[in-house]
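The sequence and the structure are shown first, and the discussion follows.

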Amino acid sequence: MENIKLNIEKTLDFISKDKLTTYESKVKTYMDTLEQGTGLGNDFLGWLHLPSSITPEHLADLKATAQVLRDNCDVVVVAGIGGSYLGARAVIEAMSNSFAWLQEKKAGEPTILFAGHNIGEDYLFELTSFLKDKKFGVINISKSGTTTETALAFRLLKKQCEEQRGKEMARKVIVAVTDAKKGAARITADKEGYKSFIIPDNVGGRFSVLTPVGLLPIAVAGLDIEQLVAGARKMEEVCANPNMEENPAALYAATRNELYQNGKKIEILVNFQPKLHYFMEWWKQLYGESEGKDHKGIYPSSVDFSTDLHSMGQWIQEGERTIFETVVSVETPNHELHVPADDENLDGLNFLAGKRVDEVNKMAELGTQLAHVDGGVPNLRVSVPVLNEYYLGQLIYFFEKACGISGYLLEINPFNQPGVEAYKKNMFALLNKPGYEEASKAIRARLNK
Ligand SMILES: O=P(O)(O)OC[C@H]1O[C@H](O)[C@H](O)[C@@H](O)[C@@H]1O
């Protein structure tokens, strides 16, 4: 079976192949550093061999729990934020019908909704209103178990679920995914007797999609978690290759770092399939939180093409030359649709008649690549044979492994995120959270200056 492939040819007008070759030994060293757990953040390396260590029993447990939710719910709300949200949403959206939310629902196939990833009052009001006459369940996901956004949403959802469905049924359809011992989510789950899954200590949030954090919601959506894990396992094997040319994660890490050294400070992840929108959001957290520190790091951004060619295309073609693109391209769509012929040809599109829509899309992709490279934007291309669970699993592991290597090439700790605490501290001080008395006084004095 084919694998995802990385092509860096269209970066070689901007960086030298010889220079890139000099990364080989560094990359190998950092792969060993990851393997031996001797580098920065080495208490968060549980993701490295996660795919090959997931057991059939674990998957069966996840599937059985997912089945309970599928059997007893019309809607399942997945509460979580950041790493406790984006991976599940990325895979579910990539694999779902774009109009699923408008289609009549079949019994046993709950709609998946998300909460706990914002503090929008209207969002939460509208969500809880929608749920009023629904048989709904909740998956409460938080590694720390104390994240405010998620805890707030869960407080609302738990109360509503218990009121609507009764305590006993609520106990059946509320599942927790959290730390083994600490945090409010663990305390609640144990006290209420919810089924719960553990997020391993040594797997950070943004690397946790292949733990129950991602696997449970993905299974509830009716997707094949075995295939997802199988794809990741295949990439675990491929990305262990010490030969950089044959290891897409190593080559990607080296190429983007060499581009960075040559003034390309922004990476734009590109898709030509709108279903991949949330995959790009997942990738942005993975790279943004991993690399943006010590006043260094490529800024990860994303676009959905061809949509954004009509909005951001101008900037990319002719704006400041500090960007490069990585295009995630799906080789073959899951469905076939041909452009119809039209006798009158009023729209002038008969030159496309009989062609598959994807052929038009692919020419848009190729035309864009050539134009952007001509305009001074290096292009990498990750080709994905087809959009399914197996290849999404491959993509996930490929980007994770590359992120670990890339962070070490940048000489930062890719596995912490200390900067995220700054806004939380201020928010808690402003809200007079117990324990923040001094910070509250200080922040008020600052605001009243
Ligand atoms: O899973 P949780 O502990 O609720 O954390 C959810 C997210 O929030 C944080 O602030 C971190 O920056 C993220 O890395 C994390 O994924």
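Is Ser383 buried or exposed? The model is a predicted one. Ser383 counts as buried because its relative accessibility is 12%, and the limit for that class is under 20%. The residue is found in strand S10, which spans residues 379-386. Not counting residues up to four places away in sequence, Ser383 touches Ile4, Lys5, Ser329 and Glu331.

In soluble globular proteins, nonpolar side chains tend to be buried together. In this model, the largest nonpolar core has 116 residues, and Trp282 and Phe399 have the most contacts inside it. Helix H15 (residues 389-409) gives the most to this core, with 13 residues. With neighbours within four places in sequence left aside, Trp282 is in contact with Leu86, Gly87, Ala90, Arg206, Val209, Ile396, Phe399 and Glu400. A second, separate core of 9 residues includes Ile268, Val270, Val303 and Ile323.

**Covered helices**

Helix H5 (residues 86-95) is mostly covered, with 8 of its 10 residues buried. The buried residues of H5 are Leu86, Gly87, Ala88, Arg89, Ala90, Val91, Ile92 and Ala94. Their cover includes strand S3 (111-115), H9, helix H10 (225-238), helix H12 (277-291) and H15.

Helix H9 (residues 212-220) is itself mostly covered, and 9 of its 9 residues are buried. Among them are Pro212, Gly214, Pro217 and Val220. Just after H9, Gly222 takes a positive phi of about 85°.

Tyr408 has its place in helix H15. With a relative accessible area of 4%, Tyr408 is buried. Leaving aside neighbours within four places in sequence, Tyr408 is in contact with Tyr30, Thr33, Leu34, Gly39, Leu40, Pro414 and Phe415. The side chain of Tyr408 also reaches the backbone oxygen of Leu40, at 2.6 Å. The C-alpha atoms of Tyr408 and Leu156 are separated by 41 Å, and the two residues are 252 residues apart along the chain.

Ala170 lies in helix H7 (residues 148-173). Ala170 counts as buried because its relative accessibility is 1%. Apart from neighbours within four places in sequence, Ala170 is in contact with Cys161, Glu162 and Tyr194. Between the C-alpha atoms of Ala170 and Phe136, which are 34 residues apart along the chain, the separation is 8.9 Å.

**The ligand site**

Which residues come nearest to the ligand, of the 13 around it? They are Ser84, Ser142, Thr147, Glu289 and Lys424. By class, the shell around the ligand has 2 nonpolar, 8 polar and 3 charged residues.

| Residue | Protein atom | Distance to a ligand oxygen atom |
|---|---|---|
| Lys143 | backbone N or O | 2.7 Å |
| Ser144 | polar side-chain atom | 2.7 Å |
| Gln285 | side-chain N or O | 3.4 Å |

The protein covers 89% of the 390 Å² of accessible area that the ligand has on its own.

**Backbone geometry in loops**

Most residues other than glycine have a negative phi, and most peptide bonds are trans.

His295 has a positive phi of about 60° although it is not a glycine. This residue lies in the loop between H12 and S8. Is His295 buried or exposed? His295 is exposed, because its relative accessible area is 85% and the exposed class begins over 50%.

Asn432, a residue other than glycine, also takes a positive phi, near 55°. Asn432 is found in the loop between helix H16 (421-430) and helix H17 (437-447). Its relative accessibility is 48%, so Asn432 counts as partly exposed.

What kind of peptide bond joins Phe305 and Ser306? The bond is cis, with omega about 5°. Ser306 is placed in the loop between strand S8 (299-304) and helix H13 (313-318).

Conventions: Residues are numbered from 1 along each chain as its sequence is written. This is a predicted model: local features need pLDDT of at least 70, side-chain atom pairs count only at pLDDT 80 or more; totals for chains, interfaces and linings use all residues. Side-chain values use heavy atoms; hydrogens and water are left out. Buried means under 20% relative accessible area, exposed over 50%, partly exposed in between (1.4 Å probe, protein chains only). Helices (H or I, at least four residues) and strands (E, at least two) are DSSP runs, numbered from the N terminus. A residue is near a molecule or strand if one of its heavy atoms lies within 4 Å of it. A polar contact is a pair of N or O atoms within 3.5 Å; within protein, one must be able to donate a hydrogen and the other to accept it, and residues adjacent in sequence count only if both atoms are side-chain atoms. Accessible areas come from the Shrake-Rupley method with a 1.4 Å probe; for residues, only the protein chains shown count as cover. Ala, Val, Leu, Ile, Met, Phe, Trp, Tyr, Cys and Pro count as nonpolar, Asp, Glu, Lys and Arg as charged, and the others, Gly among them, as polar. Contact means heavy atoms within 4.5 Å. A nonpolar core is a set of buried Ala, Val, Leu, Ile, Met, Phe, Trp, Tyr and Cys residues joined through side-chain atoms within 4.5 Å.
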